[in-house]
Amino acid sequence: MQKKRSIRYFLTGLLLGPFLSPAQEDPAPEFDVEQSAKVFLEAYSDEFQENFFEALKQKGIENYDKAVNFLLKCKQLDASKRVVDHELAKVYFEIRQYPLAEEYALTAVNSEPGNYWYAETLVRILQKQGKSVENMASEIPFGHPEFDENLARIYFKKGNYETALAILKKVKKSTFTEVLTSKINDSIEKREARIASTPVASDQTETGPNALEVYKMRMAALLRAQSFPTLQQLAEEALESYPSQPYFYYVLGHALNQRGKAQQAVEPLETALDYLIDDGALANKIYQELADAYTALDNPVKANTYLRKIEPGF
(Lines give C-alpha, C1' and ligand atoms only; values in the text may rest on other atoms or scores of the structure.)
Protein backbone atom coordinates (compact mmCIF):
# COMPACT_ATOMS: atom_id res chain seq x y z
CA MET A 1 0.00 0.00 0.00
CA GLN A 2 2.79 2.39 0.93
CA LYS A 3 4.56 1.71 -2.38
CA LYS A 4 1.41 2.34 -4.38
CA ARG A 5 0.90 5.58 -2.50
CA SER A 6 4.48 6.59 -3.39
CA ILE A 7 3.84 5.78 -7.02
CA ARG A 8 0.77 8.01 -6.93
CA TYR A 9 2.81 10.87 -5.48
CA PHE A 10 5.51 10.50 -8.13
CA LEU A 11 3.13 10.38 -11.05
CA THR A 12 0.96 13.17 -9.66
CA GLY A 13 4.07 15.33 -9.50
CA LEU A 14 4.77 14.59 -13.14
CA LEU A 15 1.21 15.48 -14.04
CA LEU A 16 1.31 18.78 -12.19
CA GLY A 17 4.80 19.77 -13.34
CA PRO A 18 3.74 21.85 -16.35
CA PHE A 19 1.22 23.77 -14.21
CA LEU A 20 3.84 24.54 -11.58
CA SER A 21 6.42 25.97 -13.95
CA PRO A 22 8.73 28.82 -12.85
CA ALA A 23 6.60 31.45 -14.54
CA GLN A 24 3.63 31.41 -12.21
CA GLU A 25 2.66 34.88 -13.35
CA ASP A 26 1.50 33.45 -16.69
CA PRO A 27 -2.25 32.97 -16.84
CA ALA A 28 -3.31 29.33 -16.64
CA PRO A 29 -6.75 27.71 -16.49
CA GLU A 30 -7.99 26.37 -13.17
CA PHE A 31 -8.27 22.61 -12.84
CA ASP A 32 -9.21 20.01 -10.26
CA VAL A 33 -5.90 18.62 -8.99
CA GLU A 34 -7.29 15.45 -7.41
CA GLN A 35 -9.52 14.58 -10.33
CA SER A 36 -6.79 15.27 -12.88
CA ALA A 37 -4.35 13.09 -10.95
CA LYS A 38 -6.90 10.29 -10.70
CA VAL A 39 -7.59 10.30 -14.43
CA PHE A 40 -3.88 10.45 -15.12
CA LEU A 41 -3.07 7.45 -12.94
CA GLU A 42 -5.93 5.36 -14.29
CA ALA A 43 -4.25 5.49 -17.69
CA TYR A 44 -1.41 3.31 -16.36
CA SER A 45 -1.44 -0.41 -15.63
CA ASP A 46 -0.11 -1.67 -12.30
CA GLU A 47 2.90 -3.20 -14.04
CA PHE A 48 3.64 0.05 -15.82
CA GLN A 49 3.41 1.99 -12.56
CA GLU A 50 5.73 -0.45 -10.80
CA ASN A 51 8.39 -0.15 -13.49
CA PHE A 52 8.04 3.59 -13.77
CA PHE A 53 8.32 4.00 -10.00
CA GLU A 54 11.47 1.87 -9.97
CA ALA A 55 12.93 3.93 -12.83
CA LEU A 56 12.42 7.15 -10.89
CA LYS A 57 13.82 5.55 -7.75
CA GLN A 58 16.97 4.37 -9.53
CA LYS A 59 17.37 7.73 -11.24
CA GLY A 60 17.08 9.45 -7.86
CA ILE A 61 20.01 7.46 -6.46
CA GLU A 62 21.92 7.89 -9.74
CA ASN A 63 21.76 4.26 -10.87
CA TYR A 64 21.16 5.49 -14.38
CA ASP A 65 21.69 2.18 -16.19
CA LYS A 66 18.98 0.53 -14.09
CA ALA A 67 16.74 3.56 -14.60
CA VAL A 68 17.09 3.18 -18.36
CA ASN A 69 16.22 -0.53 -18.17
CA PHE A 70 13.03 0.13 -16.20
CA LEU A 71 12.02 2.95 -18.54
CA LEU A 72 12.59 0.77 -21.60
CA LYS A 73 10.37 -1.85 -19.96
CA CYS A 74 7.72 0.87 -19.65
CA LYS A 75 8.12 1.54 -23.37
CA GLN A 76 7.46 -2.13 -24.06
CA LEU A 77 4.33 -2.04 -21.93
CA ASP A 78 2.99 1.16 -23.50
CA ALA A 79 4.98 3.00 -26.14
CA SER A 80 2.47 5.86 -26.28
CA LYS A 81 3.29 7.36 -22.87
CA ARG A 82 5.47 10.39 -23.67
CA VAL A 83 6.39 10.90 -20.03
CA VAL A 84 8.65 7.86 -20.50
CA ASP A 85 10.38 9.42 -23.50
CA HIS A 86 10.92 12.56 -21.46
CA GLU A 87 12.43 10.62 -18.56
CA LEU A 88 14.67 8.67 -20.94
CA ALA A 89 15.86 11.95 -22.43
CA LYS A 90 16.78 13.24 -18.96
CA VAL A 91 18.56 10.05 -17.93
CA TYR A 92 20.57 9.84 -21.15
CA PHE A 93 21.48 13.48 -20.65
CA GLU A 94 22.86 12.67 -17.20
CA ILE A 95 25.13 9.95 -18.61
CA ARG A 96 26.21 12.20 -21.49
CA GLN A 97 24.63 10.13 -24.24
CA TYR A 98 23.40 13.30 -25.87
CA PRO A 99 22.29 11.92 -29.28
CA LEU A 100 20.00 9.41 -27.53
CA ALA A 101 18.79 12.11 -25.15
CA GLU A 102 17.98 14.32 -28.14
CA GLU A 103 16.12 11.52 -29.90
CA TYR A 104 13.80 10.87 -26.96
CA ALA A 105 13.35 14.57 -26.23
CA LEU A 106 12.30 15.21 -29.83
CA THR A 107 9.78 12.36 -29.63
CA ALA A 108 8.27 13.82 -26.47
CA VAL A 109 8.11 17.37 -27.81
CA ASN A 110 6.62 16.44 -31.17
CA SER A 111 3.97 14.33 -29.48
CA GLU A 112 3.05 17.02 -26.92
CA PRO A 113 4.20 20.39 -28.34
CA GLY A 114 2.44 22.34 -25.59
CA ASN A 115 4.36 20.72 -22.72
CA TYR A 116 6.73 23.32 -21.24
CA TRP A 117 9.01 20.80 -19.50
CA TYR A 118 9.49 18.71 -22.63
CA ALA A 119 10.56 21.82 -24.52
CA GLU A 120 12.87 22.93 -21.69
CA THR A 121 14.61 19.55 -21.62
CA LEU A 122 15.07 19.57 -25.39
CA VAL A 123 16.63 23.05 -25.35
CA ARG A 124 19.02 22.04 -22.57
CA ILE A 125 20.12 18.93 -24.50
CA LEU A 126 20.63 20.88 -27.72
CA GLN A 127 22.62 23.61 -25.97
CA LYS A 128 24.89 21.02 -24.40
CA GLN A 129 25.73 19.83 -27.91
CA GLY A 130 26.21 23.35 -29.22
CA LYS A 131 23.06 23.07 -31.33
CA SER A 132 20.29 25.60 -31.88
CA VAL A 133 16.57 25.02 -32.32
CA GLU A 134 16.60 27.57 -35.15
CA ASN A 135 18.57 25.08 -37.26
CA MET A 136 16.14 22.23 -36.60
CA ALA A 137 12.97 23.67 -38.08
CA SER A 138 12.10 20.42 -39.86
CA GLU A 139 12.40 18.35 -36.67
CA ILE A 140 10.66 20.64 -34.16
CA PRO A 141 7.00 21.72 -34.10
CA PHE A 142 7.59 25.38 -34.92
CA GLY A 143 4.28 27.09 -35.59
CA HIS A 144 2.48 25.34 -32.77
CA PRO A 145 1.31 28.31 -30.61
CA GLU A 146 2.00 26.77 -27.21
CA PHE A 147 5.36 25.36 -28.26
CA ASP A 148 6.51 28.70 -29.64
CA GLU A 149 5.38 30.52 -26.50
CA ASN A 150 7.16 27.99 -24.29
CA LEU A 151 10.29 28.28 -26.39
CA ALA A 152 10.29 32.07 -26.13
CA ARG A 153 9.86 31.88 -22.36
CA ILE A 154 12.67 29.33 -22.05
CA TYR A 155 15.13 31.50 -23.97
CA PHE A 156 14.07 34.55 -21.98
CA LYS A 157 14.79 32.74 -18.72
CA LYS A 158 18.19 31.70 -20.06
CA GLY A 159 18.97 35.33 -20.93
CA ASN A 160 18.99 34.76 -24.69
CA TYR A 161 16.76 37.75 -25.30
CA GLU A 162 17.35 38.17 -29.03
CA THR A 163 16.32 34.60 -29.80
CA ALA A 164 13.26 34.91 -27.57
CA LEU A 165 12.19 38.07 -29.42
CA ALA A 166 12.72 36.46 -32.81
CA ILE A 167 10.44 33.59 -31.80
CA LEU A 168 7.77 35.91 -30.40
CA LYS A 169 7.61 37.87 -33.65
CA LYS A 170 6.26 34.74 -35.34
CA VAL A 171 3.64 34.05 -32.67
CA LYS A 172 0.10 35.41 -32.86
CA LYS A 173 -0.22 38.49 -30.66
CA SER A 174 -1.78 37.89 -27.25
CA THR A 175 -1.56 39.11 -23.69
CA PHE A 176 1.22 36.59 -23.13
CA THR A 177 3.31 37.77 -26.08
CA GLU A 178 2.85 41.43 -25.20
CA VAL A 179 3.86 40.93 -21.57
CA LEU A 180 6.87 38.78 -22.42
CA THR A 181 8.01 41.14 -25.19
CA SER A 182 7.89 44.03 -22.73
CA LYS A 183 9.94 42.07 -20.19
CA ILE A 184 12.52 41.12 -22.81
CA ASN A 185 12.94 44.67 -24.08
CA ASP A 186 13.32 45.90 -20.51
CA SER A 187 15.98 43.27 -19.83
CA ILE A 188 17.86 44.21 -23.00
CA GLU A 189 17.86 47.88 -22.03
CA LYS A 190 19.19 47.06 -18.57
CA ARG A 191 21.87 44.80 -20.01
CA GLU A 192 23.04 47.43 -22.48
CA ALA A 193 23.10 50.07 -19.75
CA ARG A 194 25.27 47.85 -17.55
CA ILE A 195 27.66 47.09 -20.38
CA ALA A 196 27.95 50.79 -21.22
CA SER A 197 28.77 51.62 -17.61
CA THR A 198 31.29 48.81 -17.10
CA PRO A 199 34.48 50.42 -15.77
CA VAL A 200 37.59 49.93 -17.87
CA ALA A 201 41.10 50.29 -16.47
CA SER A 202 42.81 53.50 -17.48
CA ASP A 203 45.68 51.72 -19.23
CA GLN A 204 43.39 49.91 -21.69
CA THR A 205 43.26 51.21 -25.24
CA GLU A 206 40.50 50.96 -27.79
CA THR A 207 41.90 47.64 -28.88
CA GLY A 208 42.00 46.33 -25.31
CA PRO A 209 39.71 43.79 -23.65
CA ASN A 210 35.97 44.16 -24.08
CA ALA A 211 33.55 44.34 -21.18
CA LEU A 212 33.41 40.55 -20.80
CA GLU A 213 37.17 40.33 -20.48
CA VAL A 214 37.18 43.22 -18.02
CA TYR A 215 34.85 41.25 -15.78
CA LYS A 216 37.20 38.26 -15.94
CA MET A 217 40.21 40.42 -15.05
CA ARG A 218 38.41 41.96 -12.08
CA MET A 219 37.31 38.51 -10.90
CA ALA A 220 40.87 37.21 -11.12
CA ALA A 221 42.06 40.07 -8.91
CA LEU A 222 39.32 39.41 -6.34
CA LEU A 223 40.13 35.69 -6.34
CA ARG A 224 43.75 36.46 -5.57
CA ALA A 225 42.68 38.82 -2.81
CA GLN A 226 40.15 36.26 -1.53
CA SER A 227 37.56 39.03 -1.37
CA PHE A 228 34.61 36.69 -1.67
CA PRO A 229 31.70 39.01 -0.76
CA THR A 230 32.78 41.46 -3.46
CA LEU A 231 33.47 38.56 -5.84
CA GLN A 232 29.92 37.29 -5.35
CA GLN A 233 28.48 40.72 -6.12
CA LEU A 234 30.64 41.07 -9.23
CA ALA A 235 29.69 37.60 -10.51
CA GLU A 236 25.99 38.35 -10.04
CA GLU A 237 26.45 41.66 -11.89
CA ALA A 238 28.34 39.96 -14.72
CA LEU A 239 25.62 37.34 -15.15
CA GLU A 240 23.03 40.07 -15.65
CA SER A 241 24.92 41.08 -18.78
CA TYR A 242 26.30 37.68 -19.81
CA PRO A 243 23.79 35.03 -18.61
CA SER A 244 25.23 32.24 -20.75
CA GLN A 245 28.83 32.44 -19.52
CA PRO A 246 29.65 29.23 -17.58
CA TYR A 247 32.77 30.79 -16.02
CA PHE A 248 30.71 33.48 -14.28
CA TYR A 249 28.37 30.85 -12.82
CA TYR A 250 31.43 28.93 -11.60
CA VAL A 251 32.87 32.04 -9.94
CA LEU A 252 29.54 32.76 -8.25
CA GLY A 253 29.36 29.20 -6.94
CA HIS A 254 32.95 29.39 -5.72
CA ALA A 255 32.32 32.65 -3.90
CA LEU A 256 29.20 31.24 -2.25
CA ASN A 257 31.05 28.10 -1.20
CA GLN A 258 33.81 30.16 0.34
CA ARG A 259 31.22 32.18 2.26
CA GLY A 260 29.73 29.04 3.75
CA LYS A 261 26.65 29.15 1.52
CA ALA A 262 26.91 25.67 0.03
CA GLN A 263 23.19 25.23 -0.57
CA GLN A 264 23.05 28.44 -2.61
CA ALA A 265 26.24 27.48 -4.48
CA VAL A 266 24.77 24.33 -6.02
CA GLU A 267 22.37 26.03 -8.44
CA PRO A 268 24.85 28.34 -10.24
CA LEU A 269 27.41 25.53 -10.41
CA GLU A 270 24.92 23.15 -12.01
CA THR A 271 23.85 25.94 -14.37
CA ALA A 272 27.51 26.39 -15.33
CA LEU A 273 27.53 22.76 -16.49
CA ASP A 274 24.42 23.39 -18.60
CA TYR A 275 26.22 26.10 -20.55
CA LEU A 276 29.66 24.45 -20.65
CA ILE A 277 30.96 23.25 -24.01
CA ASP A 278 34.37 21.60 -24.55
CA ASP A 279 36.27 23.12 -21.63
CA GLY A 280 37.72 20.27 -19.61
CA ALA A 281 39.70 22.50 -17.25
CA LEU A 282 36.66 24.55 -16.24
CA ALA A 283 34.53 21.41 -16.02
CA ASN A 284 36.96 19.95 -13.47
CA LYS A 285 36.81 23.14 -11.40
CA ILE A 286 33.02 23.06 -11.42
CA TYR A 287 32.92 19.37 -10.44
CA GLN A 288 35.30 20.07 -7.55
CA GLU A 289 33.19 22.99 -6.34
CA LEU A 290 30.05 20.85 -6.50
CA ALA A 291 31.83 18.11 -4.57
CA ASP A 292 32.85 20.68 -1.96
CA ALA A 293 29.30 22.01 -1.73
CA TYR A 294 27.74 18.58 -1.27
CA THR A 295 30.41 17.64 1.26
CA ALA A 296 29.48 20.73 3.24
CA LEU A 297 25.82 19.69 2.92
CA ASP A 298 26.67 16.25 4.32
CA ASN A 299 25.78 14.47 1.09
CA PRO A 300 28.77 12.19 0.37
CA VAL A 301 26.95 10.31 -2.40
CA LYS A 302 26.52 13.44 -4.53
CA ALA A 303 29.99 14.66 -3.57
CA ASN A 304 31.60 11.42 -4.76
CA THR A 305 29.52 11.49 -7.93
CA TYR A 306 31.08 14.78 -8.95
CA LEU A 307 34.56 13.79 -7.79
CA ARG A 308 34.39 10.78 -10.10
CA LYS A 309 33.60 13.07 -13.02
CA ILE A 310 36.88 14.96 -12.66
CA GLU A 311 39.10 13.96 -15.57
CA PRO A 312 42.91 13.99 -15.40
CA GLY A 313 45.00 15.92 -17.88
CA PHE A 314 43.38 19.35 -17.58
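How many helices and strands does the secondary structure of the chain come to? The count is 16 helices and 0 strands, where helices (H or I, at least four residues) and strands (E, at least two) are DSSP runs numbered from the N terminus. This is a predicted model, where local features need pLDDT of at least 70, side-chain atom pairs count only at pLDDT 80 or more, and totals for chains, interfaces and linings use all residues. Residues are numbered from 1 along each chain as its sequence is written, and side-chain values use heavy atoms, with hydrogens and water left out.

**View 1. Helix H3 from end to end.** H3 has 15 residues and spans 21 Å from its first C-alpha to its last. That is close to the expected 21 Å, taken as 1.5 Å times one less than the number of residues. After H3 comes Glu62, with a positive phi near 65°.

**View 2. The buried residues of H3.** Look here for Phe48, Gln49, Asn51, Phe52, Phe53, Glu54, Ala55, Leu56 and Gln58, the buried residues of H3. Buried means under 20% relative accessible area, exposed over 50%, and partly exposed in between (1.4 Å probe, protein chains only). Across the chain's 314 residues, 47% are buried.

**View 3. Asn51 and its contacts.** Asn51 sits in H3, which runs over residues 46–60. Asn51 counts as buried because its relative accessibility is 12%. Leaving aside residues up to four places away in sequence, Asn51 touches Phe70, Lys73, Cys74 and Leu77; contact means heavy atoms within 4.5 Å. For the chain's contacts with a separation of 6 or more, 56% join residues 24 or more positions apart.
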